[in-house]
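Subject: Structure handover

Hello,

Here is the structure for you to take over. My notes on what was found follow below it.

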Amino acid sequence: MGKRSRQRQKNQSASRDDRDNAGWGAGYADIIKENKLFEHYYKEQGLIPEGEFHQFMEAMREPLPATIRITGYKSHAKEILHCLKEKYFKDIQELEIDGQKIEAPQPLSWYPDEQAWHTNMSRKLIRKSPLLEKFHQFLVSETESGNISRQEAVSMIPPLLLKIESHHKILDMCAAPGSKTAQLIEMLHSDMDVPFPEGFVIANDVDNKRCYLLVHQAKRLNSPCIMVVNHDASCIPMLQIDSDGKKDILFYDRVLCDVPCSGDGTMRKNIDVWKKWTTSNSLHLHGLQLRIAVRGVEQLAVGGRMVYSTCSLNPIEDEAVIAALLEKSEGALELEDASADLPGLKWMPGVTSWKLMTKEGKWFSDWSEVPSSRHTQIRPTMFPPKDPEKLASMHLERCMRILPHHQNTGGFFVAVLVKKAPMPWNKRYPKLRKSTSAQTGSSPAASSPADTPHLLPEASPEEMEEGGPGGKVDGEAKTTGAPSAQEAADKLDAVCGPPPSKKLRLFGYKEDPFVFLTADDPVFNTIQSFYDLSPDFPKLNVLTRTHEGKKRHLYMVSKELRNVLFNNSERMKVINTGVKVWSRNSDGEEFGCAFRLAQEGIYTLQPYIRSRIVRVSMEDTKVLLTQENPFLSKLEDDAHAQAKQMGMGSIVLKYIPNPNNPSEPQCPIQLCGWRGKTSIRAFVPRNERFHYLRMLGVEVFRDKQGLGQKRRDGAKEEKEEEAKDDVEEDAEAPLEKGELKHGDKNGSLEPKTDSGNKESST
């Protein structure tokens with residue numbers, strides 16, 4: 001055994017050396033970008049316009065260009081855009097790397113307000129080239145502080161087609177890793193002057209670990225209107241809310257249904273898809289995709305919009321799912337014509353005929369041709385409807401397929417559905433719903449009269465399992481890894497009455513509880529007087545994550561999200577919600593308040609704070625962000641006079657732009673600070689410091705190229721765990737000596753952490 005083990009170790013070491021010496025192509029040298037079955041399949045389907053198939057395949061073999069999106073709702077968006085155009089993009093366009101001239105980055109023609117950009121540089125080139133080190137550091141830092149998202153271009157399309165408004169209740173069914181979720185949050189907060197939009201986003205994912213990646217993404221945006229939950233999307237529970245003093249069912253105004261798929265549209269970035277691609281993948285996923293889509297439209301409000309999307313070009317995962325969904329709906333759903341919604345976007349209309357192919361290469365054009373031995377893998381819903389009239393009425397041509405060679409993107413499919421009436425099985429089985437509810441303990445909503453169908457969940461438990469009233473849509477495609485006990489519990493999820501007690505044991509909650517404070521909670525006594533909170537401050541929206549002991553952090557959610565949490569704590573597995581607004585600081589007790597302000601929630605909380613605000617100038621802000629505990633005398637006269645009048649403790653540092661001086665940043669800046677005995681300091685995470693300094697025209701970068709890269713790469717792997725444990729960042733320290741130009745002493749932009757202070761939180 002020892003000899004074999006040593007030999008294996010030697011071989012592994014040799015292969016690792018080969019990979020390390022292979023240059024930038026390392027790890028992919030043995031992957032040839034060819035798949036004859038893939039080419040044969042898509043040639044036969046006729047999805048690619050005549051004469052363009054060679055261009056299509058050539059584009060699939062090219063690396064995906066890097067694309068970035070500026071966080072549109074933040075008032076800093078214009079400043080970031082100006083910074084990108086005037087500083088980084090001008091430098092880039094004069095570069096030549098490996099004989100290739102770098103083209104100037106271009107805005108995506110179809111994305112509003114020049115908020116999304118793409119360049120002919122691949123992500124790998126940006127990451128590895130020493131000449132692009134400053135641009136890469138800018139991207140990393142701004143991404144961490146939530147001002148930029150590095151997101152694939154086609155991935156930005158579904159949220160735009162949802163047409164989000166600030167009052168919309170939104171469900172993101174398969175949300176991880178969260179780039180689309182971030183877009184949805186941005187759209188809710190389109191008006192920065194409204195701290196609590198009426199709408200909210202419930203972001204769900206079936207994979208518990210990926211939920212924490214989702215939390216990490218959402219945390220960057222510091223929104224009180226996001227909740228991350230962990231459920232199987234195909235049977236995500238119906239939720240209750242209080243409406244005018246009565247219990248009602250929560251129906252969503254918008255549903256994003258970006259389902260798991262075979263991913264053959266991602267071959268440009270996921271190289272291993274080339275060798276793994278087979279037609280079996282789409283056949284296995286079709287049933288799950290249809291069940292998720294059915295569950296989505298059941299929870300959609302009448303008049304609402306659902307966007308169904310995949311990063312697959314395969315009609316079995318695309319048009320076949322949409323056609324089956326429309327057929328089941330019996331006219332309750334309609335495909336929306338979204339052709340005019342994104343001017344500048346090139347796309348191909350959906351197809352009305354397609355064929356199935358097995359991995360052995362055998363074709364089927366109709367369900368009648370399928371031998372009974374294959375009935376467990378191939379289902380009737382995978383084929384186009386036979387009735388020409390019915391097919392024409394579906395308007396499948398309104399679906400949109402984005403091909404990689406048309407605008408140098410990945411491949412993508414998207415369809416917009418509008419709900420015109422309740423789903424037919426909602427109206428058909430009201431008595432069955434009532435009797436089922438009675439068996440499990442009926443709630444006011446579940447026992448509503450049959451003549452109010454909008455109060456009834458839109459399917460029986462049996463139909464939930466079988467994809468609606470049309471019978472099972474797939475005999476084998478269950479969600480991977482879901483235990484049978486879980487499925488039994490999911491049947492009960494369709495009923496909106498209180499679930500039985502064993503449900504909790506089945507889920508096995510590991511999260512800390514969400515405990516809302518009462519208006520007369522003693523914690524508010526000192527906070528109210530210390531910060532002089534306005535009378536309309538929503539105390540009932542404040543929550544903590546512990547039943548017992550001292551409250552370490554206080555969070556806030558919007559009133560509407562509190563309504564959801566309060567009425568469904570036993571029905572949902574909530575991973576995270578809310579934004580941190582206060583943190584316990586034992587030093588503060590002697591100054592009158594044990595809670596200091598948290599930077600994450602400053603824009604949410606500040607409108608309610610009426611004291612302890614110091615107005616600072618642009619020069620003051622630079623001093624506070626670059627010096628450790630500067631003396632009060634370092635501030636300009638106005639800010640110095642304000643600070644001297646305040647007692648020691650937590651403060652708000654507020655920069656208000658001067659419209660008469662366009663050379664200064666034209667966006668408001670709010671920072672958490674601390675007034676000491678003779679000094680003053682800002683409590684701001686490191687990447688956010690870098691962001692504000694850039695807005696103020698101060699260059700922030702590491703001098704030594706490549707230093708700290710390994711630490712950054714290692715940190716990426718730990719992000720899920722960091723989000724899970726929510727280690728409170730100690731990055732709120734001021735910049736270290738020399739950091740203004742060189743980063744920290746280790747050359748890394750990653751914040752330090754204090755592992756002794758953990759709590760599950762936002």
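Two strands count as paired if DSSP finds at least two bridges between them. The helices (H or I, at least four residues) and strands (E, at least two) are DSSP runs, numbered from the N terminus. This is a predicted model, in which local features need pLDDT of at least 70 and side-chain atom pairs count only at pLDDT 80 or more, while totals for chains, interfaces and linings use all residues. Residues are numbered from 1 along each chain as its sequence is written, and side-chain values use heavy atoms, with hydrogens and water left out.

Strand 1

Strand 1 covers residues 65-70. With strand 5 (residues 116-122), strand 1 pairs in the antiparallel sense over four bridges. Threonine 67 has histidine 118 in strand 5 as its bridge partner. Strand 1 also runs antiparallel to strand 6 (residues 148-150), and three bridges join the two. Here isoleucine 70 is partnered with isoleucine 148 of strand 6.

How many residues of strand 1 are buried (under 20% relative accessible area, against over 50% for exposed and in between for partly exposed; 1.4 Å probe, protein chains only)? Six of its six residues are. In a regular strand the side chains alternate between the two faces of the sheet. In strand 1 both faces are covered: Pro65, Thr67 and Arg69 are buried on one side, and Ala66, Ile68 and Ile70 on the other.

Salt bridges

A salt bridge here is a side-chain nitrogen of Lys or Arg within 4 Å of a carboxyl oxygen of Asp or Glu. The whole structure has 25 of them.

One of them joins arginine 401 to glutamate 319, at 2.7 Å from N to O. This pair links distant parts of the chain, 82 residues apart: arginine 401 is in strand 18 (residues 400-402) and glutamate 319 in helix 12 (residues 319-329). Both arginine 401 and glutamate 319 are buried.

Another is formed by aspartate 366 and lysine 386, at 3.7 Å from N to O. Both residues lie in the loop between strand 17 (363-364) and helix 13 (388-394), so the pair ties together parts that are 20 residues apart in sequence. Aspartate 366 is buried, at 17% relative accessible area, whereas lysine 386 is exposed, at 67%.

Salt bridges with shared partners also connect Lys163, Arg305, Glu336 and Asp341 in one network.

Finally, aspartate 272 and lysine 276 form a salt bridge of 3.3 Å, N to O. Aspartate 272 is partly exposed, at 30% relative accessible area, and lysine 276 is exposed, at 54%.

Regards
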